[in-house]
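Please read it alongside the model shown here.

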Amino acid sequence: MIHELRVFHCVPGRLPALLKRFENDTLRLFEKHGIKQLGFWTVAIGESSNDLFLILQWESLAEREQKFGAFAKDPEWLEVRRKSEEQGGSVEASITNTILVPTAFSMTR
């Protein structure tokens, strides 16, 4: 089991648009593609209140490549993304990605 930490660094003022996109469309598309999310977090105290943290769970890197690859090419996802950027432009300034592997003493093992 591996976990993927994705951090969406939003353009200032665009975090609400990203949250709306996840809530109204992206989660449904994740489900369609068998992508399992463990949770989403915003920043109450920290470096940037324009960030959204997401953890995804995968059985293997091969599963991630197959499922996330299909999601990224899904015409419905591409349309959702395009529509979310119609008013106000790009939502994300950047996205960082980290694949996490639990330690031997982690509760997630």
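R6 stands opposite N97 in β4. The model is predicted: local features need pLDDT of at least 70 and side-chain atom pairs count only at pLDDT 80 or more, while totals for chains, interfaces and linings use all residues. Residues are numbered from 1 along each chain as its sequence is written, and side-chain values use heavy atoms, with hydrogens and water left out. Helices (H or I, at least four residues) and strands (E, at least two) are DSSP runs, numbered from the N terminus.

**Sheet**

- Four strands form an open sheet in the order β2-β3-β1-β4, with antiparallel pairing; two strands pair if DSSP finds at least two bridges between them.
- The edge strands, β2 and β4, each pair on one side only.
- Neighbouring strands of this sheet are turned by 15° against each other on average, direction ignored; axes are lines fitted to C-alpha atoms, for helices over the stretch in contact, and angles run from 0 to 180 degrees between N-to-C directions.
- α1 packs on the sheet, where it touches β1, β2, β3 and β4, and its direction makes about 15° with that of β3; contact means heavy atoms within 4.5 Å.

**Strand β1**

- β1 and β3 run antiparallel and are joined by eight bridges, with H3 opposite Q57 in β3.
- Eight bridges also join β1 to β4, again antiparallel, and F8 stands opposite I95 in β4.
- Seven of the nine residues of β1 are buried (buried means under 20% relative accessible area, exposed over 50%, partly exposed in between, with a 1.4 Å probe and protein chains only).

**Helix α1**

- α1 spans residues 15-32, 18 residues in total, and reaches 24 Å from its first C-alpha to its last, close to the 26 Å expected at 1.5 Å a residue; the expected span is 1.5 Å times one less than the number of residues.
- A kink of about 50° is centred on F22, the bend being the angle between axes fitted to the seven residues ending there and the seven starting there.
- L15, L18, R21, F22, T26, L29 and F30 are the buried residues of α1.
- These buried residues pack against elements including α2 (61-73) and α3 (75-84).
- G34, with a positive phi near 75°, follows α1.

**Loop residue D74**

- D74 lies in the loop between α2 and α3 and is buried, with a relative accessible area of 6%.
- Not counting residues up to four places away in sequence, D74 touches L29, K32 and H33.
- The D74 side chain makes a polar contact with the side chain of H33 (2.7 Å); a polar contact is a pair of N or O atoms within 3.5 Å, and within protein one must be able to donate a hydrogen and the other to accept it, residues adjacent in sequence counting only if both atoms are side-chain atoms.
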